[in-house]
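Please look over the sequence and the model before reading on.

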Amino acid sequence: MKHSILISPDAFEPSKHWYPKALNATIHPMVAFFLNLSQERIVQRYCHLNPMVKPDDLMKWMKYQPKHFYWAGTDLIHVTSEQGKRQMVVIETNSCPSGQKSMPLLDDNLEMGGYEILMRETFKPLLKTRRLPEGDLAVIYDKNPMEASGYAAAMASVFQENVHFIPFYNQADEQNVRLNESGILEFADESGNWKPLRAVFRYLTQKPWNRLPIKSKTFIFNPIIACLAGGRNKMVASKAYEFFNAEIAESNLKIFTPETIWDVSKNEVPLWVQKMGGQAVIKIPYSNAGQGVFTIVNQQELDNFMAKDYEYDQFIIQSLIGNYWWSSNTQEGRFYHVGTMPDKKGESFAADVRMMLRSTKDGFKPLAIYARKAAAPLLDHLESGANSWQILGTNLSVKLDQNQWSSDTDRLLLMDRRDFNRLGVGLDDLIQGYIQTLLATIAVDKMAVNFIGTKGALKQKLFRSLNNDQALIDEIMVS
């Protein structure tokens, strides 16, 4: 069993918490300008370009105070249609997003960057509003130790106390965190003694609901309900977006997503793929880091998907956004990747943008941005037997073994003076992407509110009615 590490207030070392290529990068002036925009200026600009949206309606959501989902990252694709309608489309929302290790410093005088901002402006104020048990502070993680340890070091600095950095993997012999009879999270120290925790920053990405409770006296940031309500559950997220879109329709706001079919059994998959013109994306709703996503552009890829066994019973299917000549047909037309600026070879690449935000006393504010490109160029026409994931898959995570991950940083696009220009987006695209991230985050938070009963427990009947996947339900830890 791996034991926790104690991190002291003076332990932050930038070289340990940024990718080498990001460590000394200079942020692009346009990105810095965007991140320094006030909420009022963002609203004014967005409403100027979208005149059917009233500033007061949008500002209400900018000032929104979440109940459960305090920190989020949304993956966005910059798309266009054959009529030239460009927009940022939400692919998924993440309840413990990576990004800080890829983000150039906005202010050179703040050497901890967004790590410290999140701890000082979001995490610490939330603790002040709660009655917490006696105990220590901790960061628990199962992935991305470079970034998770950065949050631990920043937390130690902000609180001026030691912080426990605790591995908590998804396997039986690594259960060094538990919920005691009083509803308080405890961790095992090196001597095997169990000690209480008053608050925890959670960086658990692999089925976090099977190790952490929905209800606890220890404050968990973000709580598990944020994962089940859409932060790590693409099935419920797609429904949360639909419900929230209905709520905000009169204000002419909308979360833009690929056309999505949910609650699809494996046997139904070929029928839906055929309906979308033979091109589609199939997703296992509870996976992340690029796992469990299957891009389908030909019969061979569909056959490969159907030949495998899966641990869950339900899938979601989305329209595929590729090149114009091989994207899905949807009710709103055919959308395709804008792609990166052509390189010296004349090649463009599919790319996505991760936009991260956090809640503050004044509402939501942006925190970090980075982008990722696919491994192979975005071809006009696919050859027979082409590997579509190489052309469309942008996730950088590479799974080596159980609990072991690597990252393909060659495809990372920073928001610095060099990489940002290659991305081909402008200031208004960043603003639109942020609004989409904001709305998607609120949609998930509102779904989380609906799932929690008056005593803080999960409304199991409601959850099952929206996500009737027994394999998932069996995993959820019942405190």
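Predicted model: local features only at pLDDT ≥ 70, side-chain atom pairs only at ≥ 80, totals over all residues.

What percentage of the 479 residues in the chain do buried residues make up? The share of buried residues is 59%.

**Overall form**
- The chain contains 15 helices and 19 strands.
- Its C-alpha trace extends over about 60 × 50 × 45 Å along the principal axes.
- A compact globule of 479 residues would have a radius of gyration near 23 Å, and the value of 22 Å for the chain agrees with this.
- Among contacts with a separation of 6 or more, 71% join residues 24 or more positions apart.

**Helix H13**
- Helix H13 covers residues 427-451, and its 25 residues should span 36 Å at 1.5 Å a residue.
- The end C-alpha atoms of H13 lie 37 Å apart, which agrees with that expectation.
- Because 20 of its 25 residues are buried, H13 is largely enclosed by the rest of the structure.

**The second largest pocket**
- The second largest pocket holds about 530 Å³ of space.
- It is lined by 30 residues, of which Thr-257, Pro-258, Glu-259, Thr-260 and Glu-332 are the closest to its centre.
- At least two lining residues come from each of strand E3 (87-94), helix H8 (234-248), strand E10 (260-264) and strand E13 (315-319).
- Helix H8 gives the most to this lining, with six residues.

Terms used. Residues numbered from 1 in each chain as written. Heavy atoms only, no water. Helix = DSSP H or I, 4+ residues; strand = E, 2+ residues; numbered from the N terminus. Expected span 1.5 Å × (residues − 1). Buried < 20%, exposed > 50% of the residue type's maximum accessible area, 1.4 Å probe, protein only. 1 Å grid on protein atoms, 1.4 Å probe; cavity = no way out; pocket = protein on both sides within 12 Å on 5 of 7 lines; lining within 4 Å. Points joined across faces, edges and corners; volume = space filled by probe spheres on them. Rg over C-alpha atoms; globule rule 2.2 N^0.38 Å. Contact = heavy atoms within 4.5 Å.
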